[in-house]
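Here are my notes on the pockets, the domain contact and the salt bridges. Please read them with the model open.

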Amino acid sequence: MDAVRATYYIESSFPVKRCAEIIAMEESTGTWTEVHTTEGKDLDFVTAKVEDVDEIRGKAVIAYPVDLFEVRNIPQLLSVVAGNLFGLSDVANVRLLDLEFPNEFISQFRGPAFGIDGVRDYIGTKEDGRPHVGTIIKPKVGLNPEETAAVAYEAASGGIDLIKDDETLCDQRFCPMAERLPLVMDAIDRALSEVEERTLYAVNVTTGADEIAERADIAEENGANMLMIDVITAGFDALKVLRENCSLPIHVHRTMHGALTRNPAHGIAMDVFCRLTRLIGGDQLHVGTLTGKMEGEETNILHLDSILKEEWHGFKPVFPVSSGGLHPGCVEEEIGKRGMDLVLQAGGGVHGHPYGTKAGARAMRQAAEAMALGVGLEAHAAGAPELSRALETWGIGKIENYYR
Ligand code: 3PG
């Protein structure tokens, strides 16, 4: 059967099979009682079926026939596979673990326009293959456009590959996007005028459905070289609008994902958001850190990296982004376990460097270069004063007790 296949983890007083049947009914042609409107009708073409059940592990696969969907309508897809089922009182906990799409679905989407190779082409790191380093302008809110651009200038001068807005900075009165963007782009141009380097600035165009296309246009007209979207709060359709209407790479932030992904028994696994981002066409996606301030389990993060990078329906690989509480001393473990195709972002870990933002950016870059050379951080720091100072300040690896 041509179907969207959804794998769920289920906890209920019912057997898993029965519970999966209840979910399949609720999300397709059934309800809590027999209804007269189905008498004599063949609704097989839109009736979801339970295909596979593992009572021991509490897992079930439900196949939702392709005709149940308005193919290309991501909100409607989510209303089916991740809809009412979460609130059913007969189901104590249910987690959508993964999705598999039929070709009819896959062929409607474009996937990333740039992906890892496209972004590397732009930055110029295809040959050396080193990890990319980025920074989030800090403080996350409160700087005006001139102040934001001044921070960007320092970061670009220090050799950072990517500068991004934070997830809560959009188009507020204190820092309007159309004023901030040209100043930041100009600051980057000035900083890089004497070196053969390029820096991306991911400007956050997150806004309501009625405005996002226009906001992205304004960003493109004002010289943006990358767009950023908060995909969970704005919705996956907002990402589709950017992918289908703009020609720039797209940086995807996952703020609010924890509300859905964090409880291992309930909600939606990050795997699903990785697949949707790749299907629709994000070029970079935050998937967590091994050594940072946000909650995350190593095996899971490595699995998310592989969903973004492994062969999948011919779509370009998405650059995984590691962000949240990183500093130069985290780079060795992150890269050692996750490989070179990773964007390492540090906000506090750049702007909190004792010598300032430029030195912080340089320290991150030196750490990335050490990895490409196959040299340990401490060994490389002997000839890299900014890295050496960062390691003295924050040490190597995860910081215990963030925010103390
Ligand atoms: C993010 O967007 O991941 C955070 O703003 C990271 O900030 P930090 O590096 O200061 O934790």
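**Notes on pockets, domains and salt bridges**

1. The lining of the largest pocket divides into 8 nonpolar, 13 polar and 9 charged residues. Here Ala, Val, Leu, Ile, Met, Phe, Trp, Tyr, Cys and Pro count as nonpolar, Asp, Glu, Lys and Arg as charged, and the others, Gly among them, as polar.

2. A word on the basis. This is a predicted model: local features need pLDDT of at least 70 and side-chain atom pairs count only at pLDDT 80 or more, while totals for chains, interfaces and linings use all residues. Residues are numbered from 1 along each chain as its sequence is written, and side-chain values use heavy atoms, with hydrogens and water left out.

3. The largest pocket has a volume of about 760 Å³. A pocket is an open set of points on a 1 Å grid over the protein atoms alone, with protein on both sides within 12 Å along at least five of seven lines; lining residues have an atom within 4 Å of a point. Points are joined across faces, edges and corners, and a volume is the space filled by probe spheres set on them.

4. Which residues lie nearest the centre of the largest pocket? They are Lys-293, Met-294, Gly-324, Gly-325 and Tyr-403, out of 30 lining residues. The elements giving two or more residues to this lining are α10 (257-261) and α14 (348-351). Helices (H or I, at least four residues) and strands (E, at least two) are DSSP runs, numbered from the N terminus.

5. The second largest pocket holds about 470 Å³. Its lining has 20 residues, and Arg-95, Thr-261, Pro-264, Ala-269 and Asn-300 lie nearest the centre. Elements that give two or more residues are β4 (93-100), α10, α11 (270-280) and α12 (298-309). The largest share, 4 residues, comes from α12. By class, the lining of the second largest pocket has 8 nonpolar, 6 polar and 6 charged residues.

6. Where does the second largest pocket lie? Domain 1 (3-106) and domain 2 (115-394) both give residues to its lining, so it lies between them. The domain bounds come from an automatic or database domain assignment.

7. The C-alpha centres of domain 1 and domain 2 lie 36 Å apart. Their contact (heavy atoms within 4.5 Å) takes 20 residues from domain 1 and 22 residues from domain 2. The two domains bury about 1,800 Å² between them, 61% of it on carbon and sulfur atoms. Buried area is the accessible area (1.4 Å probe) that two parts lose on being put together, summed over both. Ile-74, Arg-95 and Ile-106 supply 34% of the area that domain 1 buries against domain 2, more than any other three residues.

8. Salt bridges come next. The rule (a side-chain nitrogen of Lys or Arg within 4 Å of a carboxyl oxygen of Asp or Glu) finds 27 in the whole structure. Across the interface of domain 1 and domain 2 there are 2. The side chains of Asp-98 and Arg-275 form a salt bridge at 2.7 Å, N to O. Lys-17 and Glu-21 form another, at 3.0 Å, N to O. Both lie in helix α1 (residues 16-27), 4 residues apart, about one turn of the helix.

9. The search of the whole structure finds 1 cavity of 30 Å³ or more. A cavity is a set of grid points where a 1.4 Å probe fits but cannot get out. The largest cavity has a volume of about 40 Å³. Its lining residues include Ile-137, Pro-139, Leu-169 and Phe-174. By class, this lining has 6 nonpolar, 2 polar and 1 charged residues.
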